[in-house]
Structures are given as structure tokens and as C-alpha cells.
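Student: I've got this one open on my screen and I'd like to go through how its chains meet. Can you take my questions one by one?

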4 protein chains.
Amino acid sequence: MNTPAPDVVRSAYAQLAVTDLGAARWFWVDMLGFHVQYEDTNSLCLRGTDELTHHSLVLRKGRIAALDHISYRVRTPEDVDKAERYFNELGCPVRRLKRGEGTHGVGDAVRVVDPLGFPVEFFHDIDRAERLIQRYDLHRGAEVARLDHFNICTPDIPAAYAHYKSLGFGCSETIEGDEHELYAAWMYRKQTVHDVAFTGGAGPRLHHLGLATHESHQVLRTADLFGAVRKEHHIERGPGRHGVSNAFYVYLRDPDGHRVEIYTSDYYTGDPGHETYRWNVHDDRRRDFWGNAVIESWYKEAAPVLDLGGNVQPVTENRLDESAVRIGADGLG
Amino acid sequence: MNTPAPDVVRSAYAQLAVTDLGAARWFWVDMLGFHVQYEDTNSLCLRGTDELTHHSLVLRKGRIAALDHISYRVRTPEDVDKAERYFNELGCPVRRLKRGEGTHGVGDAVRVVDPLGFPVEFFHDIDRAERLIQRYDLHRGAEVARLDHFNICTPDIPAAYAHYKSLGFGCSETIEGDEHELYAAWMYRKQTVHDVAFTGGAGPRLHHLGLATHESHQVLRTADLFGAVRKEHHIERGPGRHGVSNAFYVYLRDPDGHRVEIYTSDYYTGDPGHETYRWNVHDDRRRDFWGNAVIESWYKEAAPVLDLGGNVQPVTENRLDESAVRIGADGLG
Amino acid sequence: MNTPAPDVVRSAYAQLAVTDLGAARWFWVDMLGFHVQYEDTNSLCLRGTDELTHHSLVLRKGRIAALDHISYRVRTPEDVDKAERYFNELGCPVRRLKRGEGTHGVGDAVRVVDPLGFPVEFFHDIDRAERLIQRYDLHRGAEVARLDHFNICTPDIPAAYAHYKSLGFGCSETIEGDEHELYAAWMYRKQTVHDVAFTGGAGPRLHHLGLATHESHQVLRTADLFGAVRKEHHIERGPGRHGVSNAFYVYLRDPDGHRVEIYTSDYYTGDPGHETYRWNVHDDRRRDFWGNAVIESWYKEAAPVLDLGGNVQPVTENRLDESAVRIGADGLG
Amino acid sequence: MNTPAPDVVRSAYAQLAVTDLGAARWFWVDMLGFHVQYEDTNSLCLRGTDELTHHSLVLRKGRIAALDHISYRVRTPEDVDKAERYFNELGCPVRRLKRGEGTHGVGDAVRVVDPLGFPVEFFHDIDRAERLIQRYDLHRGAEVARLDHFNICTPDIPAAYAHYKSLGFGCSETIEGDEHELYAAWMYRKQTVHDVAFTGGAGPRLHHLGLATHESHQVLRTADLFGAVRKEHHIERGPGRHGVSNAFYVYLRDPDGHRVEIYTSDYYTGDPGHETYRWNVHDDRRRDFWGNAVIESWYKEAAPVLDLGGNVQPVTENRLDESAVRIGADGLG
């Protein structure tokens with residue numbers, strides 16, 4: 001393709017449709033500790049305490065629980081134009097939104113349905129927000145510091161890899177079969193392990209949002225808080241240590257079933273020529289470094305994604321099934 | 001019974017038969033961080049870095065993996081005599097051992113097979129050991145601070161409860177059915193949640209030894225260390241938070257299958273009239289506060305125990321099966 | 001003396017006079033995370049989240065900031081009578097209080113001015129309180145778990161040592177000069193490093209209350225919270241590691257100047273014959289294991305104590321001055 | 001200036017002259033936990049366990065303790081040429097080194113004495129190193145993960161700021177007087193708070209190297225280890241929380257007096273237009289968020305730096321003295 005790709009800075013925010021805004025507020029604000037930057041009767045704009053832009057999560061009241069869009073910040077205003085041309089040339093549905101037409105706090109933006117079927121936004125301009133990094137008195141719950149990444153389900157991992165590669169993303173880690181068939185990949189623009197990762201499965205669906213916190217005791221506290229109020233069924237998997245990324249994690253499900261990972265302690269990937277680290281699908285430490293089995297729902301369940309008109313996108317079944325690899329503790333027995 | 005019970009101070013040490021002393025040394029010393037206080041060709045005497053007595057774990061080379069005995073320290077030399085009379089009156093097998101006849105470092109002792117079928121020692125006199133609490137340079141691995149408790153499998157929990165009650169133990173927590181039938185109990189002499197606990201199951205068998213460490217990051221580090229050397233299959237369950245005791249834990253299996261819990265952060269029980277906290281067997285937070293399922297092997301597997309002649313004790317099947325309670329995440333599905 | 005001493009279980013609570021109850025509430029409840037068990041217009045009864053009795057701290061509105069009394073729980077109701085006889089025989093001022101006459105929630109009690117000049121209460125009966133150990137949703141601030149100890153200033157450390165020895169306290173650690181002259185001592189009834197400690201200085205005065213929290217990150221968080229709201233001047237010393245006790249600490253001053261220590265991770269002292277660990281006054285690790293200098297105010301300032309009539313007790317100057325030991329980082333230069 | 005600046009990726013390594021290589025090995029390897037990647041009789045190449053390049057610290061045997069050079073990695077081989085032209089045009093001493101002529105493991109490089117008088121290297125090519133991120137069994141001591149930053153003493157902070165600005169560095173935080181006179185600045189290329197910071201003082205001198213570790217308990221453990229072996233005098237300042245950067249720190253001095261900071265938990269700065277956060281020099285939280293006083297030696301002492309011929313550079317006294325600001329706990333009284 002001749003059209004240059006936009007210069008993506010990082011995964012910036014996700015907008016989720018939730019069926020009960022009050023229940024969602026309980027989960028994301030009261031329990032996880034997101035800071036409410038803006039709210040009206042139909043939506044909440046939330047951010048972590050390290051974030052200096054308007055939001056990293058938008059909850060929008062909807063009839064069904066789904067992903068409205070994931071959103072990447074680009075380096076310059078011109079990169080929004082580049083994104084528009086790039087996805088037009090790919091033949092994707094594209095819509096341009098001026099400030100005020102799209103999400104609150106966000107300026108000029110482009111929304112597309114990418115070749116993988118995902119609703120994706122690119123923007124540069126976003127409102128600034130007051131620094132809360134040292135407002136420890138406002139830190140609560142999981143003490144969410146910032147959005148770290150999106151994890152998406154797609155049936156064709158090599159296609160997802162190729163698409164994000166052409167968008168300029170690096171690849172930090174993969175899970176591969178004995179013949180190097182690709183089961184999963186972690187790709188980044190900012191200098192962490194990932195901004196986006198692909199989990200093999202029926203797709204397009206949203207697997208989870210990854211939220212960064214600073215230390216492992218905050219991950220443990222998150223789980224303790226759900227146990228304390230007898231809402232332990234919101235904890236789906238973990239806490240545990242990932243093989244991939246080396247991060248310490250816990251996965252939770254919100255009242256609509258949206259999955260979120262509280263995540264801490266990955267590593268720097270900013271050097272030129274940073275090499276991809278490849279896990280064999282038979283290494284039972286890849287998904288949990290301690291060899292604990294993955295919960296079946298974690299492999300199988302994910303949220304539908306919407307198209308630019310707000311309709312649910314149809315899904316395609318996956319080709320390679322990592323959860324069918326029945327070796328060690330990590331495959332499902 | 002007319003004979004007064006000995007005044008038990010605390011769970012003091014366990015002596016395990018292991019089939020490969022070198023493999024056991026790797027696990028307990030190199031990986032868990034026990035300090036070697038004494039060793040000869042057939043045995044190792046180990047202690048945690050907070051312990052000021054000669055050992056809290058003895059590993060003895062044996063043909064089969066089994067429990068030689070658990071051992072309680074009593075308050076005075078006279079309490080050893082009391083123990084002898086007490087178990088004689090109960091009609092239990094009893095053997096008196098002078099210093100040098102029993103375990104290295106331990107003085108005058110009495111060994112019995114208690115009414116539950118367990119080999120149990122009572123002693124007062126034991127060699128002192130150099131203070132290592134602040135020798136951070138010698139702390140390694142799990143940074144084991146001290147032995148915390150024994151957990152034993154027995155088919156008759158009410159009988160175990162009654163026996164230890166008559167030995168003067170308090171009861172901090174229980175798991176009970178809707179009709180208050182007793183599934184499990186945690187009993188103490190020192191001012192923590194327990195010195196001994198009972199897990200329903202075929203018995204007499206040793207379920208696990210509980211070792212205290214100071215903070216939860218040390219529990220996480222323990223698991224990370226096993227993953228790092230690709231020995232993650234030694235991790236059986238957790239890390240996780242117990243409902244009972246509120247402690248943060250991980251369960252490991254040594255090369256012979258002996259189970260050990262690295263355990264941190266329980267609570268003070270030393271007040272007079274400390275009340276028993278009762279969990280209902282249907283509360284899926286009782287075994288894991290986060291509602292994570294218990295691994296089947298954790299409920300089913302345990303180590304044989306020896307009699308005073310060194311022969312394996314026969315086991316009796318259990319009556320109530322907690323693992324058959326199929327509600328929530330915690331029963332086995 | 002012929003009269004037997006009462007059987008003390010542990011340091012149970014302190015009652016402080018504060019000049020501004022609202023300011024005190026901000027400090028102890030909002031910032032440190034004490035749970036309010038009872039309040040009226042003149043007082044607050046507070047407890048840590050691990051405590052199962054009515055309070056461990058009472059704040060009482062007063063004209064001047066002072067210690068009303070420290071209070072020990074005794075093993076049986078009869079031990080209250082023993083305390084009355086014991087201090088009567090010592091010739092101390094003694095007052096008996098029935099339930100309702102003394103502090104809210106406390107039953108039959110005896111208050112004395114002990115031979116060191118301190119107002120001290122002994123009681124057995126106290127109201128129970130709901131278990132909050134696992135109510136992580138209610139844990140805030142320093143996440144105070146329980147009262148750990150009292151630290152008192154007295155000019156005559158050997159006299160203080162002898163008095164508490166005769167009350168049946170053990171001695172875990174001391175600071176001593178080259179000729180074994182006693183600069184400070186830590187004494188216990190419950191199985192921790194101390195229930196009471198003596199700091200050399202003009203006395204009787206209250207040096208500080210020690211509050212236990214579970215892990216060191218909670219101590220750090222406490223300090224961060226005061227910085228966050230620009231009240232960092234309430235932090236007097238630390239965070240740091242004590243040589244004595246090995247605990248990790250931070251010292252704060254409340255709005256009236258009452259000093260409190262947030263304290264974690266000491267060690268078990270419950271064995272018979274537990275040996276005293278002796279620090280030389282010239283070891284600069286004794287007060288801070290990292291050799292950081294002690295703040296002068298920490299050595300010099302303390303709160304006045306009241307007599308049984310509510311009047312401030314006169315103080316006597318100290319004899320040995322530990323802060324004058326000018327070796328290493330820890331003496332004041 | 002017309003010549004484009006090289007594209008700096010990050011602070012990459014420092015080379016220190018030490019007078020006793022064995023003593024330095026004890027400090028940096030045994031105590032701090034650096035991994036030895038290469039050694040010969042005159043030097044040691046060390047790296048943190050997250051680093052994938054040959055070294056981040058080189059210790060070279062020398063007659064006097066000094067900084068040989070700090071070194072930045074640049075994005076491409078051509079950026080090395082750019083660096084050569086850039087500093088030539090500035091009229092600085094410049095030397096080109098082919099692989100084998102300079103530091104072991106490093107390819108083509110340029111060394112300069114920059115306009116501030118510091119010996120600085122720029123390179124692109126460096127040997128790769130085996131991934132140790134998950135080799136927890138090799139983590140020791142401070143568990144150093146990676147080099148984070150250089151902190152340099154210079155008498156003219158505005159000049160230092162301007163020089164690094166022209167090299168393309170962003171500025172995350174400053175300390176400023178009431179008239180915005182610059183006392184200190186933190187500047188970055190990678191997406192953290194800094195790669196280099198300037199402390200006002202006689203210069204050119206090296207103030208410290210900043211090393212990243214993952215969690216605060218590792219910082220505490222570092223201090224505990226020095227106390228344990230009675231080398232607590234190597235701890236100069238902290239542990240504490242910085243106001244600037246929000247990181248949790250401890251400062252140590254190596255056997256030659258070289259200062260090192262163990263540092264954890266700063267924040268993401270990678271967004272376009274990341275705004276500088278400005279601290280007033282009278283805010284006593286700027287240097288320690290808890291208001292603890294800075295040790296005088298920390299402000300006054302620093303290591304000499306060498307020129308390209310290996311001779312000590314003369315120093316110029318500073319103009320603005322932050323340590324003379326006598327407000328709050330943080331100025332020196």
C-alpha cells in the first residue's frame with residue numbers, strides 16, 4: 001500500500017456499551033477506583049490516577065453490552081488525516097468526526113471498521129486533566145493508574161499481526177506452535193509489552209481491557225475487595241503471574257460480563273531492534289508462569305463489537321484453538 | 001479423664017521421611033530458604049530465620065515418604081511427664097526418649113500414637129540457635145520465618161476436635177454444614193489462628209505443614225522461583241487468600257509429594273474467650289476468599305504417617321466429604 | 001511483696017485527652033483508618049479492623065492534650081480484684097470503677113497511679129465487636145489492624161523494668177551501655193516483642209502508641225497520604241526499620257502532638273525461656289537498622305499524663321540520656 | 001545550529017573508575033544484584049535483569065574514583081555520525097571509536113566532552129544479552145532491573161536544560177524559585193520521568209546513577225541487606241518517596257563514594273505535548289514527599305568526571321544553591 005500509516009502513540013481509551021450505568025459505576029469507579037472526569041445521564045468518562053488526558057474508559061448506556069470502539073492516540077493532527085486516507089485505501093468503512101460529534105473531551109477523530117472487523121478510532125486532540133498521581137487520598141480500590149492495552153479475539157492471528165505490523169506496531173511476544181503457527185501475539189507502540197494483543201477465538205470480539213496498577217499488592221487488594229463484599233464471582237481468573245509479559249494479573253468481569261485485567265510490572269521495549277520473545281504453545285508457563293490452569297470461560301467468552309452504525313458485528317469462528325492444546329496444566333483438560 | 005493434660009506451648013517441628021535427601025535439600029533449603037542447623041548423612045535439621053530453637057523441620061532419609069511425627073513443645077519439663085501419663089491413661093502407645101535417643105537437638109521427650117492415629121511427640125528441652133531474624137543476607141527463596149501449623153487428615157473431625165479440646169487447644173474457626181456438622185476446624189495454643197487444623201479425609205494422614213513468611217510478596221516470589229527453574233509443577237494450589245484465617249497462601253509439593261503451605265498474615269487469638277468463627281460449607285469463600293476452585297488433589301492426596309515402630313499406619317475413609325459439596329467455585333465440579 | 005500480681009493478657013487500649021475532637025477524628029479515623037465503634041459529643045471509641053473488642057483507643061475532649069490512662073486486659077474477673085489489692089499494697093492511688101462509671105464499653109475496672117507515676121487501668125470485661133478482618137471494603141488509610149503497644153517515658157528505666165517484671169512481663173530486647181546500664185527495655189505479655197516499652201526521658205510522660213498494620217506497603221501508604229494532602233509535617237520520623245524489634249515503622253504526631261507509630265512485622269516471643277536480646281547503645285542500628293539519625297523531637301517530646309483526679313502529673317528529669325550518646329548516625333550530633 | 005542532533009533513544013550505560021575492583025564487585029554485584037555479563041582483570045560489565053543489551057554499568061579499575069563517561073544509545077548507526085558532526089560544530093572535544101577501541105560489547109561510538117563539561121558517549125550498536133527477566137532464581141539483593149537515569153551536578157542549570165532541549169529531550173519536572181529561576185530539571189527521551197537530571201552544584205560532577213527495580217519492597221530489602229551485614233553507612237539517604245517523579249528511592253554510596261539510587265515506580269511521559277510539572281523550591285515535599293530533611297552530603301558531594309584523555313575535569317562553583325533554601329524540613333538548617 002502506498003498511503004502512509006498514521007503514527008500511533010498508544011492505546012488511548014475504550015468505549016463500552018453497558019446495560020446498567022449504575023451497576024457499571026459501582027464496578028469501575030467504586031471497586032476499581034477509576035476517577036470520574038465527566039458524567040451525564042448516559043455516559044461516564046473515567047481515567048486512572050496517572051493519566052493526564054480526559055479519559056481512558058468511556059461507559060455508554062446501551063441496550064446490549066458491547067464494544068463501541070477502541071481508540072488510539074496519534075502523534076499529530078495530520079496523523080488523523082493519514083488514518084482517514086489509510087483506511088479508505090484499505091476499503092474499510094470510515095467516518096470523520098469533528099470535536100463535539102464524537103466522544104466527550106476528544107477532538108477531531110476518525111472512526112473505522114478495520115480489516116479485522118473491529119471498530120477503531122484515531123485521534124490526536126483530547127482535553128487535558130489535572131494531575132492526580134500524588135493525590136493518594138483519591139486512590140481507591142485497584143488504584144488504577146492508566147489503561148495499558150486492549151486484548152481482542154480474532155480467528156485469524158496472522159492477519160491481525162500483519163495489519164498491526166503495517167500500522168507500525170512492534171511485536172514483543174508470541175505464542176507459537178511447533179511449526180511456528182501463530183496462536184497469539186503482543187504488539188506495542190508505547191515502550192511497554194503491548195498496546196494490543198490477539199487471542200485466538202471467534203471474532204471480532206473484545207477479550208479484555210488491561211489496566212495498569214503500580215505494585216502487586218494492589219492486585220491482591222482488588223481481589224480482596226471483591227471477596228469482602230461477597231462479589232467474588234466477579235473474579236474470573238487469578239491473581240497470577242503471566243509467562244507472556246511477566247506481569248502480575250487478575251481478571252474480573254463487570255456486571256455486563258466485560259472482562260478487565262488489573263495488571264502490573266511488565267518491561268521496557270523501547271530500544272531499536274527489540275527482539276520478539278517466542279513461547280511454545282506447549283510450555284504450560286506461557287499463560288500462567290506458575291502452571292495454573294486457565295479457566296475455560298477465559299478462552300471462550302468475549303464481548304461483541306459494534307459497527308459504525310451501532311449494530312453488532314457478526315463473528316467468524318477461529319482456526320487454531322489454543323485451548324485445545326492439552327498439555328500441562330494450562331490447556332483445558 | 002482425671003489425668004491433667006500437658007501444657008502445650010505450640011506446634012514445634014515435624015519430622016518427615018524423604019526418599020532422596022539431596023532432592024529434599026534442593027526443595028526445602030535452596031528453594032524455600034530454610035536454614036540448615038545440623039546435617040549428617042541421614043538427616044537434615046532445618047529452621048526458619050525467626051526461630052530461636054534448633055529446628056522446626058527434620059528431614060530423615062527413609063524407604064518411603066511419610067510423616068515420622070509431629071511435635072509440640074510443652075511449657076515445663078514436668079509437662080513431658082504429664083504427657084506420658086495422659087496418653088498412657090488414654091491407652092495409647094507411648095514411648096519415652098531421653099536426650100540422644102530421639103531427634104538431634106531435642107532433650108527428654110515422649111512419643112505417642114494419639115487416639116486419632118497420629119505419631120505425636122511432646123518435649124520441653126531443645127537446643128537454642130543463633131538469632132537470624134535480621135540476617136537478611138541469609139534470607140532466600142520463600143524466606144521462611146517459622147513453622148506455623150500442622151494440617152492433618154482425619155475421617156472423624158468431631159473426634160479430632162474433642163481430643164485437641166481436651167489438650168487445652170482453643171478453636172479459632174470451623175467449616176460447618178447447615179446442621180452444624182463439622183467439616184473442618186482450626187485449633188491453637190500460641191496466639192495465632194492455629195497450631196493444628198483438621199481436613200476431612202481418609203486418615204490418619206498428614207495434609208500439610210504450614211510455614212510463616214512475613215509479607216505477601218514473599219509468597220509470590222516463592223511461586224516465581226519455581227516457574228523460573230521450570231519446576232512449576234511443584235506448585236499445587238494458589239497463591240490465594242484463604243477465607244478461613246484470612247492468610248495469603250501458596251501450596252507446594254516437595255519431591256516426595258509432601259505438601260507445604262507458605263502462609264502469611266493471620267490474626268491474634270490470645271484474648272480470653274476468643275470466639276470461634278464459623279464458616280458455612282456452602283460459602284465458596286471459605287477455602288479461597290476469591291472464590292477460586294480448589295484443586296482436586298488438594299482434597300484427596302496426603303502423606304502416610306508412621307507408628308512408633310516406623311510402620312505405616314492404616315487409614316480409615318472419611319465420613320463427611322467437603323469436596324462433594326458442589327456449590328460455587330470451591331466444590332469440585 | 002506477698003500479694004499476687006494480676007495476670008495481664010495484653011495492652012488493651014489508651015485513652016487520650018484531645019483539645020479538638022473534630023481535628024482528632026480527621027487524623028485517627030480519616031487518615032489512619034480507625035473504625036468508629038462508638039461516639040458521642042465528648043468522645044470517640046475506636047478500634048483496628050482486626051480487633052474483636054469494643055475499642056483500643058478512646059479520644060476524650062479535654063482542655064489540654066494528655067494521657068488519661070493506658071489500660072491492660074487481665075485474664076479473669078478475679079484478676080481485677082488482684083490488681084486492686086496489688087496496687088493498694090504498693091501504696092499507690094487506686095480507684096475501683098463499675099461498668100458505667102468508667103470508659104464506655106468496659107466493665108468492672110481498677111485504675112491506679114503506678115509506682116512510675118502512670119495512670120493505668122486493669123479490666124477483664126469489655127464489649128465484643130463485629131469481625132471486620134475481612135471487610136477490606138472498610139479498610140482505609142494506614143489500615144490499622146490493632147493496638148500493639150504503649151511506649152512510655154520514664155527517668156528511671158531500671159525501676160520501670162523491675163515494676164513490669166513483677167507484673168509478670170517478659171523482656172524481649174534492651175538497649176544497654178558498656179556496663180549494662182539500662183537505656184531502654186521492651187516488655188511483653190502477649191506473644192509479640194512488646195506490650196510496653198520504656199524510653200529514657202523526663203517522666204511520667206507518654207512517648208507513643210504503637211499500632212500494628214499487616215504489611216510494609218501500608219506503612220508507606222500512610223506517609224504518602226499525609227504528603228498527598230500537604231500534611232507532611234505530621235510525619236515526624238521514618239518510615240524506617242527498627243533495629244530493636246525488627247519492625248518497619250513510621251512515627252506521626254496527631255493535631256495535639258500525641259505521637260503514634262504505625263508498625264509492622266515483629267516476631268514471636270511466646271516460648272518459655274525466651275531470651276532477652278541486648279543492643280549496645282553504641283550500635284547505630286539499634287534505633288534505625290539503616291543507621292539513619294533519630295530526629296531530636298523524637299527523643300525529647302512526649303505527652304503529659306494525668307492522675308486519677310484529672311490533673312497533670314509532675315515530671316522528673318531523666319538520669320541516663322541515650323540521645324547524648326554521640327556515636328554513629330543515631331545519636332544527635 | 002544547523003546540524004541536526006542525533007536521535008537519542010535512552011540513557012544506556014555509565015562507566016565508572018573505581019579504585020578497588022573487588023570492593024566494587026561486592027557492592028554492585030553481591031549487594032545490589034547486578035548480573036556480571038563480562039569481566040576481565042581490569043573491568044566488569046554489568047546489567048540489570050530486565051536488560052537485553054550487554055551492560056548498563058561498566059566498572060573500570062582506576063587510580064582515582066571518577067566518571068569515565070555516561071553513554072546514550074541512538075536510534076540508528078547514522079545517528080552516531082550525526083552526534084560526531086553535532087558536537088564538532090559545537091566546538092567540543094570529539095573522539096570516534098570503532099568497535100574494539102572503546103568499551104567491551106559496544107560497537108561504533110563517539111565520545112565527546114559536552115558543553116557542560118561532561119564526558120558523554122553516543123552509540124547504536126551493542127551486543128545482545130540473554131533474557132533474564134523471568135530468571136527469578138538469579139535475582140538478588142536490590143534486584144536491579146535496569147538503568148533508569150543519570151543525575152549530574154552542574155553550576156548552570158539553565159545551560160544544561162538548553163543543551164539537552166536541543167538534543168531533543170523533553171522536560172517532565174522542574175524545581176523553580178518564585179521568579180521561575182531553575183534549581184533543577186528532569187529530562188527524558190524514553191517514556192519515563194527522566195534519562196538525565198540536573199542537580200545544582202559545583203560541576204561537572206556525577207551526582208548519581210538511578211537504577212530501576214520493580215516494587216518498593218525491593219528498595220526496603222536493599223536497605224535491610226546493608227544493615228544485616230553492618231554496612232549501614234553505605235545508606236546515605238532514604239528510603240523515601242520523591243516529590244519529583246513520585247518514585248520510591250534509597251541512595252547508597254559505593255566503596256569509592258559513587259552514589260547510586262535504587263528507584264521504583266515513576267510514570268509514563270510518552271504522549272505528545274507532555275506538560276512539565278513545576279515544583280516551587282519552597283515546597284518541602286519536592287525532594288521528599290514526606291517532608292523529611294535532605295542529608296547535607298547528598299547536596300554537597302559528587303564524583304569527579306574525566307576528560308577524553310582520562311584527566312579529571314576542573315569544576316566551577318554553582319550559582320543558585322537549593323540547599324540554602326531554609327524553609328520546611330527539606331532545606332538544611
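**Chains, contacts and a sheet**

Tutor: Let's start with one pair: 39 residues of chain A are in contact (heavy atoms within 4.5 Å) with 39 residues of chain D. This is a predicted model, where local features need pLDDT of at least 70 and side-chain atom pairs count only at pLDDT 80 or more, while totals for chains, interfaces and linings use all residues. Residues are numbered from 1 along each chain as its sequence is written, chains are lettered from A and ligands numbered from 1 in the order in which they are written, and side-chain values use heavy atoms, with hydrogens and water left out.

Student: What area is buried between chain A and chain D?

Tutor: Buried area is the accessible area (1.4 Å probe) that two parts lose on being put together, summed over both. Carbon and sulfur atoms give 45% of it here, and the total is about 3100 Å².

Student: Which three residues supply more of the area that chain A buries against chain D than any other three?

Tutor: Together they supply 19% of the area on chain A's part. The trio is R131(A), Q134(A) and P272(A).

Student: Which residue of chain D does R131(A) meet in a salt bridge?

Tutor: A salt bridge here is a side-chain nitrogen of Lys or Arg within 4 Å of a carboxyl oxygen of Asp or Glu. R131(A) sits in the loop between β8 and β9 (146-154) of chain A, and its partner lies in strand β10 (residues 170-176) of chain D. At 3.5 Å, N to O, that partner is E173(D).

Student: Now chain B: which element gives the most to the side of chain A that touches chain B?

Tutor: The contact takes 20 residues from each of chain A and chain B, and about 1800 Å² is buried between them. There are 4 salt bridges across it, including R241(B) with D224(A) at 2.7 Å, N to O. Two elements of chain A give two or more residues, α4 (216-228) and β14 (235-241), where helices (H or I, at least four residues) and strands (E, at least two) are DSSP runs numbered from the N terminus. With 6 residues, the biggest giver is α4(A).

Student: Why is one side of β2 and β6 of chain A left without a neighbour in the sheet?

Tutor: The open sheet has 8 strands in the order β2-β3-β4-β1-β5-β8-β7-β6 (chain A), with mixed pairing; two strands pair if DSSP finds at least two bridges between them. β2 (35-40) and β6 (94-97) stand at the edges, so each has a single partner strand.

Student: In which sense do β7 and β8 of chain A pair?

Tutor: Strand β7 covers residues 109-113 and strand β8 residues 119-123. R111(A) stands opposite E121(A) in β8(A). Over 5 bridges, the pairing is antiparallel.
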